[in-house]
Amino acid sequence: MNNVTLSKPQGDLAGNSKVTGVGAKPVAPFAGADPKASPPFTLPDFNELQARITASTPADVERALQRSRRSSADLAALLSPAAEPRLAELAATAGRITRQRFGRVIQLYAPLYLSSYCANRCLYCGFSVDNQIPRRVLDLAEAEKEALILAERGFSHILLVTGEAPSRLGVDYLAELAGRLRHSFASISIEVQPLAMADYARLFAAGITGVAVYQETYDRQTYTRVHVAGLKADYDRRLEIPARVAMAGMREVGLGALLGLADWRTEGLALGLHLAYLRKLAWRTAVTVSFPRLRPATGSFAPLVPVNEKNLSQLLFALRLFDEDVGLVLSTREEARFRDGMIGLAPTRYSAGSCTVPGGYGDTGATGEQFSIGDQRSIEEVAAAIRAKGFDPVRKDWDPVFQETDNRATAG
Ligand code: SF4
């Protein structure tokens with residue numbers, strides 16, 4: 001599928017291939033989402049997107065830099081090899097926009113791993129079902145204890161993470177945990193198995209406000225190569241989940257591509273197209289984009305393509321110029337030196353003091369991590385580095401009371 005001819009360098013790069021998603025339970029879309037506003041998300045063929053990027057000229061880059069509102073064709077130019085000599089200008093423009101739209105603040109969050117069980121076989125992941133690692137699912141009391149350690153360390157934003165094994169950890173567990181934690185944290189997000197729209201709506205009511213669901217790679221061929229077995233092996237099923245999250249009324253949905261699987265420039269353009277689609281579909285749902293680079297993990301999967309720090313920088317800057325309001329996440333997968341260098345340029349959210357083992361905050365000897373961490377600093381050290389650059393590390397910028405107000409407004 002995906003036979004799309006890209007025409008002119010100007011204008012949007014709209015695809016017309018049909019994407020088939022799995023059905024969700026019927027739930028009324030929330031007030032900010034208009035299902036009639038957009039057809040299902042479609043993506044042009046990955047190779048054709050790549051060709052569009054490669055064809056960009058220095059003149060295309062110049063035009064993209066001069067514009068105040070940038071199209072997906074401009075994004076293609078900014079991601080192209082032709083933009084590399086202009087990286088310093090991209091950085092300066094990205095920094096100016098980021099300060100204008102977000103102020104001099106960076107939000108800090110921590111992941112909380114609840115379970116390392118997974119039914120999928122993803123070649124790049126330490127939790128992949130075939131890997132011989134110690135597996136564990138925290139019970140609710142253990143999960144609450146881990147969360148309170150993070151609260152005591154000063155975190156107000158947490159991301160609950162699990163492998164995809166619904167028989168081990170399902171919606172009832174997440175709803176119960178959210179109910180226990182919602183008054184200790186300003187926001188609770190999840191990165192778990194894809195759920196039905198009704199389940200997302202239920203979790204939102206329970207206190208979960210954000211869902212991260214990364215496509216990992218938008219290249220269909222590579223996707224099939226690295227997702228060998230399990231429900232995640234279905235590319236189309238995965239692709240339609242962010243729209244479902246938004247339609248369920250979540251306040252935030254997180255997109256992402258795992259860098260090192262396919263051409264990073266093309267992943268960036270695909271992310272931009274997905275982002276633009278969600279903007280039209282559900283204007284009240286904020287969108288964040290993450291660019292995790294592959295890290296060493298059990299299974300010793302080697303990156304299929306190289307992605308260096310300069311590449312990652314260009315990706316971050318280009319996305320910031322394309323969408324001035326998108327939240328950009330830079331996690332502890334990256335080294336401290338690189339993360340410090342990016343402060344004030346494009347990212348708006350940093351993880352800190354992260355551990356990728358269930359129970360690892362309370363038990364520092366716990367083993368069975370999903371991947372190794374690049375930036376090992378504590379939250380205090382990360383916050384100090386942010387302050388040293390003249391920025392404010394924000395641990396709380398949202399209060400659950402806003403969500404209660406929002407729920408009442410939506411219900412009305
Ligand atoms: S990437 Fe996610 S779904 Fe795949 S093996 Fe790891 S935890 Fe499971």
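Let's start with Pro242, which sits in helix 10 (residues 241-247). Keep in mind that what you're looking at is a predicted model.

Is Pro242 buried or exposed? Pro242 has 28 C-beta neighbours inside 10 Å, and a residue counts as buried once 20 or more are found within that distance, so Pro242 is buried. Leaving aside residues up to four places away in sequence, Pro242 touches Val213, Val253, Leu255, His274 and Leu278.

Next, find helix 3 and helix 11. Their axes come within 9 Å and cross at roughly 155°. Angles over 145 degrees count as roughly antiparallel, and that's why these two helices are described as roughly antiparallel to each other. The crossing is right-handed. Here is who takes part on each side:

| Helix | Residue range | Residues making the contact |
|---|---|---|
| Helix 3 | residues 72-79 | Ser72, Leu75, Ala76 and Leu79 |
| Helix 11 | residues 264-281 | Arg265, Gly268, Leu269, Gly272, Leu273 and Ala276 |

Sorted by class, this contact has six nonpolar, three polar and one charged residues.

Finally, there's the ligand. Which residues surround the ligand? They are Cys118, Asn120, Cys122, Cys125, Phe127, Ser128, Gly163, Glu164 and Lys232. In terms of class, that shell has four nonpolar, three polar and two charged residues.

Terms used
Residues numbered from 1 in each chain as written. Predicted model: local features only at pLDDT ≥ 70, side-chain atom pairs only at ≥ 80, totals over all residues. Near = placed C-beta within 6 Å. Nonpolar A, V, L, I, M, F, W, Y, C, P; charged D, E, K, R; others polar. Helix = DSSP H or I, 4+ residues; strand = E, 2+ residues; numbered from the N terminus. Buried ≥ 20, exposed ≤ 12 C-beta atoms within 10 Å, placed from the backbone. Contact = placed C-beta atoms within 7 Å. Axes fitted to C-alpha atoms, helices over the stretch in contact; angles between N-to-C directions. Parallel < 35°, antiparallel > 145°, perpendicular 65-115°, else oblique. Left-handed = near helix turned anticlockwise from the far one by under 90°.
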